[in-house]
Amino acid sequence: MTDTVRHDWTRAEIRAIHDSPLLDLVYRAATMHRQHHDAREMQVCKLISIKTGACPKCGISGSSVEVRNYYQVWSFIVMTKWTTRSHIRCPSCGRKANLGSMVFCAAFGWWGFPWGLVMTPAQILSNLTEMFKRRDSETPSDELLQAARIRLSAERAGRVSG
Ligand SMILES: [Zn+2]
């Protein structure tokens, strides 16, 4: 197979490609693609672009998204439940979500004994720490790269099966 771009295809050649088995076509397309694109390089670009890509919450691009954790707790008499969730967010959406989580903790955290009284200040403090955590605005964190890899492979799996 030649790796130059051709514009002089004959009808017979096109007919031969059209009539060739599907797997042959897939193989030829993949080979051709690899001659012109480094498959690994493309993935690295995509991983880096997630840092400057759109925030999944507000959709604004170039706002240096990161993986952020949110800490919540609610209690009722003897029952207390506390959770940590993480999402990819831009700094603005991240701060809003941490603030929302603190309000949630302050409203619903205290009403259980003894863990409500222990976990409510702890979770509020964790949200505060997360809000003011220093983040590198240029390089994606390991958590973000990991999240991006999971998303990439999910996308790829979706494309194959769908
Ligand atoms: Zn956002």
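A word on the basis of the values. This is a predicted model, in which local features need a pLDDT of at least 70, side-chain atom pairs count only at pLDDT 80 or more, and totals for chains, interfaces and linings use all residues. Residues are numbered from 1 along each chain as its sequence is written, and side-chain values use heavy atoms, with hydrogens and water left out.

I begin with the metal. Which residues coordinate the zinc ion? The donors are the SG atoms of Cys55, Cys58, Cys90 and Cys93, at 2.3 Å. Donors here are N, O and S atoms within 2.8 Å of the metal, or 3.2 Å for Na, K and Ca; water is not among the atoms, so sites may look incomplete. Along the chain, the zinc donors follow the spacing C-x2-C-x31-C-x2-C.

The arrangement is tetrahedral because the 4 donor atoms subtend angles of 105 to 114 degrees around the zinc ion. Four donors count as tetrahedral if all angles lie between 85 and 135 degrees. For reference, the ideal angle for four tetrahedral donors is 109.5 degrees.

Are Cys90 and Cys93 buried or exposed? Cys90 counts as buried at 3% relative accessibility, and Cys93 counts as buried at 11%. Buried means under 20% relative accessible area, exposed over 50%, and partly exposed in between, with a 1.4 Å probe and protein chains only.

Ser63 is in contact with Cys55, Cys90 and Pro91, leaving aside residues up to four places away in sequence; contact means heavy atoms within 4.5 Å. Ser63 sits in the loop between α3 (39-52) and β1 (66-76). Helices (H or I, at least four residues) and strands (E, at least two) are DSSP runs, numbered from the N terminus. The side chain of Ser63 also reaches the backbone oxygen of Ile60 at 3.3 Å.

Thr120 is buried, at 0% relative accessibility. Its side chain reaches the backbone oxygen of Gly116 at 2.6 Å. Beyond residues up to four places away in sequence, Thr120 touches Val73, Cys105, Gly109, Trp110 and Trp115.

Now to the charged groups. How many salt bridges are there? The count comes to 5, where a salt bridge is a side-chain nitrogen of Lys or Arg within 4 Å of a carboxyl oxygen of Asp or Glu. Arg6, Asp8 and Glu13 are linked in a network: Arg6 meets Asp8 at 3.0 Å, N to O, and Glu13 at 2.9 Å, N to O. Another salt bridge joins Glu130 and Arg135 at 2.7 Å, N to O. Glu130 counts as buried at 4% relative accessibility, while Arg135 counts as partly exposed at 25%.

Finally, the overall layout. The chain is assigned domain 1 (1-39) and domain 2 (44-161); such bounds come from an automatic or database domain assignment. The C-alpha centres of domain 1 and domain 2 lie 46 Å apart. Thr120 and Arg28 are 92 residues apart in sequence and, C-alpha to C-alpha, 60 Å apart in space.

Notes. Polar contact = N/O pair within 3.5 Å; in protein donor to acceptor, adjacent residues only side chain to side chain. Tetrahedral: all angles 85-135°; square planar, octahedral: opposite > 155°, others 65-115°.
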